[in-house]
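This report goes through one protein chain, from its overall fold to a few single residues. The sequence and structure come next, followed by the terms needed to read them.

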Amino acid sequence: MNLYSYTGPVTMFDRCVANCWKGETYASSEKKAKSNLIFQYKKQNGLTPASKVNLPGKLVKLEQ
């Protein structure tokens, strides 16, 4: 498992809802890490699972 970090904007339905959100997660791939981070954001902000949230910035792999 690798540790991934994200610091950047969050969009919802193609509108920016957060300019600089930060999250970290352990995952086996970058795709899974992005999914985990989107889930974290939805949970922290009380959004429904069906909300269309996107992280348009880059993920950074911190360690292997």
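## Terms and basis

A residue is called buried when its relative accessible area is under 20%, exposed when that area is over 50%, and partly exposed in between, with a 1.4 Å probe and protein chains only. By that rule Ser5 is buried, because its relative accessible area is 8%.

The model is predicted: local features need pLDDT of at least 70, side-chain atom pairs count only at pLDDT 80 or more, and totals for chains, interfaces and linings use all residues. Residues are numbered from 1 along each chain as its sequence is written, and side-chain values use heavy atoms, with hydrogens and water left out.

## Overall fold

The protein chain holds 1 helix and 4 strands. Helices (H or I, at least four residues) and strands (E, at least two) are taken as DSSP runs and numbered from the N terminus. Read from that end, the order of the elements is β-β-α-β-β.

The radius of gyration is 11 Å, which agrees with the value near 11 Å that a compact globule of 64 residues would have. This radius is taken over C-alpha atoms, and the globule rule is 2.2 Å times the number of residues to the power 0.38. The C-alpha trace spans about 30 × 20 × 15 Å along its principal axes.

## Contacts, surface and charge

Contact means heavy atoms within 4.5 Å. Of the contacts in the protein chain with a separation of 6 or more, 48% are between residues 24 or more positions apart. Of the 64 residues, 36% are buried.

The accessible surface comes to about 4,400 Å², and 52% of it belongs to carbon and sulfur atoms. Accessible areas come from the Shrake-Rupley method with a 1.4 Å probe; for residues, only the protein chains shown count as cover. The chain carries 10 positive and 4 negative side chains, and the centres of the two sets lie 7 Å apart. Lys and Arg count as positive and Asp and Glu as negative, while His and the chain ends are not counted. Each charge is placed at NZ of Lys, CZ of Arg, CG of Asp or CD of Glu.

## Aromatic cluster

Rings of Phe, Tyr and Trp (its six-membered ring) pair if their centres lie within 6.5 Å; planes under 30 degrees apart count as stacked, over 60 as edge-to-face and the rest as tilted. By this rule there are 2 aromatic pairs. The Tyr6 and Trp21 rings have centres 6.4 Å apart and planes at 40 degrees, so this pair is tilted. Tyr6 is in strand β1 (residues 2–12) and Trp21 in strand β2 (residues 15–27), and the pair links distant parts of the chain, 15 residues apart. Tyr6 and Trp21 are both buried.

In the other pair, Trp21 and Tyr41 have ring centres 5.4 Å apart and planes at 90 degrees, so the pair is edge-to-face. Trp21 lies in strand β2 and Tyr41 in helix α1 (residues 30–44), so the pair ties together parts 20 residues apart in sequence. Trp21 and Tyr41 are both buried. Through these ring pairs Tyr6, Trp21 and Tyr41 form a cluster.

Ser5 belongs to strand β1. Residues up to four places away in sequence aside, Ser5 touches Lys22, Gly23, Glu24, Lys58, Leu59, Val60 and Leu62. Tyr4 is also placed in strand β1 and is buried, with a relative accessible area of 5%. Neighbours within four places aside, the contacts of Tyr4 include Gly23, Thr25, Ser29, Ala33 and Leu59. The C-alpha atoms of Tyr4 and Leu37 are 9.2 Å apart, and the two residues are 33 apart in sequence.

Ala33 is part of helix α1. Its relative accessibility is 0%, so Ala33 counts as buried. Not counting residues up to four places away, Ala33 touches Tyr4, Thr25, Ala27 and Leu59.

## The loop between β1 and β2

Phe13 lies in the loop between β1 and β2. Its phi is near 55 degrees, a positive value in a residue other than glycine. Phe13 is exposed, with a relative accessible area of 54%.

Asp14 is found in the loop between β1 and β2. Asp14 has a positive phi of about 65 degrees although it is not a glycine, and at 68% relative accessibility Asp14 counts as exposed.
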